[in-house]
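Look at the chain below with its helices in mind.

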Amino acid sequence: MNLLSVEDLGKSFGERVLFEGLSFGLNKGDKVALIANNGTGKTSMLKILAGQDIADKGEVVFRNSCRVSYLTQDAVFNDNLTIDELINSAHNKISLLVKEYEEAVENHSKTGSSNTEKIVEELTERMEQENAWDYQRRTEQILSRFNINNFNKKVGDLSGGQKKRLSLALLLLENADILLLDEPTNHLDISMIEWLEKYLQQQNITVLMVTHDRYFLERVCNHIIELEAGNLYHHKGNYGYFLEKRTERESNFDIEIAKAQKLMKKELEWMRRSPKARTTKSKARIDNFDKIKKKAISKRITQEINIDVKMDRIGGKILELKNIKKSYDDLVILEGFDYTFKKGERIGILGKNGVGKSTFLNIITGKEKADGGKVNIGETINFGYFTQGGLSIDEDKRVITVLKDIAEFIVMSDKRKVSASQLLEHFMFTPEMQFTEVKRLSGGEKRRLHLLTVLIRNPNFLILDEPTNDLDLLTLTKLEEFLLQYKGCLILVSHDRFFMDKLTEHLFVFKGDGEIEDHYCTYSEYRTQQIKEEKEFKKIQHLEKENSKMKTPNKKLSFNDQYEYNNLEKELSELEKEKTELEDCIQKPDIELSKMMEKSKRLGIVINLIDEKEIRWMELDEMQ
């Protein structure tokens, strides 16, 4: 069922054309990602669809009664309200419906007229449609998932990240038909992201999102729209399929350009020999030459530079932390932490929001003092610290000036010098953009510039605190390429699981109350082990609960329970068989990508079913 149709959409910002002639549609249940570089109008497009901006041209048509909810990057609320007041205010449609229903029921109980009865019936039907009967329970459940528990707290006292999480929670409670999500995973810790992934997978709602989180894209989206050089490309499939098709398209495009360039050279020779178009054929050939020329220069092929930086030599002593302690009143961040860093280490830091990850980094770099213990830094260590706070500079300066004020060039390992301008171009700042004032940059472009101000200092110990927020996928790829070649020490805090997996092989996991676990593995390996332990723990809890019931006489199985018990054994046997078949199928070397994704998705469902049915079987077996 088609919920949204976009026809010939166009939008400009001053002289800059963001997009033009875009057409696409959204159907019920579609999970669509919009992929484009920063500054190409992704957020503008979402605002137009949400009715918060107006297109220069084109048409946006929603199906009648289609409800749309929009998650912005920066949540805006009345700061004077408490969270509880906000939930029950006009901001939330479901909350208003519940109030309206309660008032109608009360009014009907007083008057008992046919008119009040009709109103109650109509509102009852709407309550059913909106699934509003358990609204309070769902509100508390979803808010707690996003670590929002103090409903008496004023909205103005929340951090930017907490406001974003509150905004996302309220949006999910609205039961909209279409969700427009602008960077939904920003400010969420990994457990929150995983919950959101599962929620969106299970709900039959339509989603159009802008996100840089590649695992999130892979697991949630079934359709990707790519905006590149003003053209829109549609890909039915997940992120892996999109990458395959884009590589194929770019390869074909490069072949076409090479052919056009070869033909242009031949036609150019003819043009020089025959400057005057005396015949109709000659005129046609000249017109055709213009088309060939446009094709031949349609893609500027830039020479990629190898960013393998020559950094200051790291001595024998790097960084030593001895019995570090840090707390804020009752909140314990570090309690006797010890660690000695080694050359070339790549450490990822995991933990929920508020457990002290940024504080830990500030202590290492001397921005904050520890309550106790010693931080011993080697004489040769040169820190590069990318913080969440952003860039603090004169925004009237030009982009190139910001970098040149730090260094004119950066030296590579082979003694080549890469200029500030070349470094900017490598990270997608075109020559035109380099002479743009900083205040005219988008949020993602400012973060990209902030990152370069850190990298151009040539640090041999790099600390990156949430570097992926607001960066587009192309920039992330460039940053990954740089960091994979980086030979210094690296500490990385990120909720981007793909980024962590690719760049780290050692984890500090902040559990809270000063407890930090040390794991020598990738994020995916750690998460797999954690899920396994959680399942085992749940089974043990269940067995302990059942053992505690042994003191009371066991109830006999009812007929229905006995029937279910017998069937569960058969179902578990069939599911285990299907699980083995799926695992064997996925491991076949010649399996198609789309089929592999389909089988992988089914495997996840089967594993969850086995867990659920095993627990139910144990319950019935105890009764038996």
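Buried means under 20% relative accessible area, exposed means over 50%, and partly exposed lies in between (1.4 Å probe, protein chains only). Asn362 has a relative accessible area of 16%, so Asn362 is buried. Asn362 is found in helix α11 (residues 357-364).

This is a predicted model: local features need pLDDT of at least 70, side-chain atom pairs count only at pLDDT 80 or more, and totals for chains, interfaces and linings use all residues. Residues are numbered from 1 along each chain as its sequence is written, and side-chain values use heavy atoms, with hydrogens and water left out.

What does Asn362 touch, not counting residues up to four places away in sequence? Asn362 touches Lys367, Glu368 and Tyr385. Contact here means heavy atoms within 4.5 Å.

**Helix pairs**

Helices (H or I, at least four residues) and strands (E, at least two) are DSSP runs, numbered from the N terminus. Two packed helices are described by the angle between their axes and the distance between the axes. Axes are lines fitted to C-alpha atoms, for helices over the stretch in contact, and angles run from 0 to 180 degrees between N-to-C directions.

| Helix pair | Angle between axes | Distance between axes |
|---|---|---|
| α3 (residues 93-111) and α4 (residues 114-129) | roughly 155 degrees | within 9 Å |
| α5 (residues 135-145) and α6 (residues 160-173) | about 150 degrees | 10 Å |
| α6 and α7 | roughly 20 degrees | within 13 Å |

Angles under 35 degrees count as roughly parallel, over 145 as roughly antiparallel, 65 to 115 as roughly perpendicular and the rest as oblique. A crossing is left-handed if the near helix is turned anticlockwise from the far one by less than a right angle, and right-handed if clockwise. For the classes, Ala, Val, Leu, Ile, Met, Phe, Trp, Tyr, Cys and Pro count as nonpolar, Asp, Glu, Lys and Arg as charged, and the others, Gly among them, as polar.

Take α3 and α4. With axes crossing at roughly 155 degrees, α3 is roughly antiparallel to α4. Their crossing is left-handed. Among the contact residues are Leu97, Tyr101 and His108 of α3 and Ile119, Leu123 and Met127 of α4. By class, the contact of α3 with α4 has nine nonpolar, five polar and three charged residues.

Next come α5 and α6. They pack at about 150 degrees, so α5 is roughly antiparallel to α6. This crossing is right-handed. Tyr135, Arg138, Thr139, Ile142 and Leu143 of α5 meet Leu166, Ala169, Leu172 and Leu173 of α6. Seven of these residues are nonpolar, one is polar and one is charged.

Helix α6 also packs with α7. The axes cross at roughly 20 degrees, which makes α6 roughly parallel to α7. The crossing is left-handed. Arg165, Leu168 and Leu172 of α6 touch Met192, Trp195, Leu196 and Tyr199 of α7. The contact has six nonpolar, no polar and one charged residues.

**Helix α7 and Thr185**

Buried residues of α7 include Ile193, Trp195 and Leu200. Is Thr185 buried or exposed? Its relative accessible area is 0%, so Thr185 is buried. Leaving aside neighbours within four places in sequence, Thr185 is in contact with Ile193, Thr211, Asp213, Phe216 and His495.

**Gly512**

Gly512 is found in strand β19 (residues 506-512). Its relative accessibility is 17%, so Gly512 counts as buried. Val332 is 180 residues from Gly512 along the chain, and their C-alpha atoms are separated by 7.4 Å.
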